[in-house]
Amino acid sequence: MAIQQRAERTRQEILSAAARVFDRLGYERASLARIAGEARVTTGALVFHFATKADLAVAVRARARAVTGVTVESACLSTEGVGGTAVDKLVITTHALIRLFETDHVARAGERLARELQPADPALSRDCPWRREVSRLARYAVTEQALRPGVDAAAVATLIGYVVTGVELEMRRPCPPADALRLLADGGPQGPCVPETGALHGSAEERLRRIWELVLPGLVRPAAPQPYGSVHARRPGPTSTPAPHAPGQTSCGPAPAPASPSPSPAPRPQAPRTAAPDPRAQCQAPRSAPRRT
């Protein structure tokens, strides 16, 4: 039992070392001797577990698929119960992938091996778990009618694949040291340092966020206007009573200021009107009055 455990531990150390070498150098430049030196084992011990470099690449890619599969599944489950749509899951999944590529050399090695070995075996691209999940979510977005009319799910999945791969490749670009940047800025032996036109700066996640801000308006269907009387519209319905306004407020905002600051003159007090006397009553005496003798 102890021998088997030690052999399994050696195997895992060789796999981890191979992932670091593949991630740093690629498949062609990696060698069994270099991987054995990275793992601090003899070449014979390495060949005992993995006969060829191709066997090592297959094992590293299998581990990378397992890691990315768990990451994608956890990202999608994080939106369950909060009303996450397929588009929300697409955005969250890509951010989770970029965080994984920044911190896990096995996942990065799997991505690099997939790119370099794809011409030899096109079926390798269909084994990528995050690409399968992106395609599935794109189809669900079409089913939910969240995309603009005419937007194809396959095109959306391909575009997102380009974005994720591009950000992952950008992370591999070496950053020049501060002394080299100052030398180039001062017009040193290599000339003045001219920043790349249109390059996005910041962390990988910040770059991805800015890309999504540009891409989403062209993919997602615009939000429909809220119906009259909707709760979200915050408008009173035809039979509802509007909320009382504060002093100086109207239904459209503050009450407009009067045109002239001078107040209007107060009305004059008028005496109460009485019925006009009948002139005939003054000319005629009452007939019922007695006659004096």
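What is the volume of the largest cavity? It comes to about 80 Å³. Keep in mind that this is a predicted model, where local features need pLDDT of at least 70, side-chain atom pairs count only at pLDDT 80 or more, and totals for chains, interfaces and linings use all residues. Residues are numbered from 1 along each chain as its sequence is written, and side-chain values use heavy atoms, with hydrogens and water left out.

**Overall fold**
- The protein chain has eleven helices and two strands (DSSP runs: H or I of at least four residues for helices, E of at least two for strands).
- Along the sequence, the order reads α-α-α-α-α-α-α-α-α-α-β-β-α.
- Of its 293 residues, 30% count as buried (under 20% relative accessible area, 1.4 Å probe, protein chains only).

**The largest cavity**
- Searching the whole structure turns up three cavities of 30 Å³ or more (on a 1 Å grid over the protein atoms alone, sets of points where a 1.4 Å probe fits but cannot get out; volume is the space filled by probe spheres set on the points).
- Lining residues (an atom within 4 Å of a point) of the largest one include Arg61, Arg65, Glu111, Cys128 and Trp130.
- Helices α4, α6 (105-117) and α7 (129-143) each give at least two residues to that lining.

**Thr71**
- Thr71 sits in helix α4, which spans residues 53-77.
- Thr71 counts as buried because its relative accessibility is 18%.
- Leaving aside residues up to four places away in sequence, Thr71 touches Ala96 and Leu100 (contact means heavy atoms within 4.5 Å).

Note on methods: Buried < 20%, exposed > 50% of the residue type's maximum accessible area, 1.4 Å probe, protein only. 1 Å grid on protein atoms, 1.4 Å probe; cavity = no way out; pocket = protein on both sides within 12 Å on 5 of 7 lines; lining within 4 Å.
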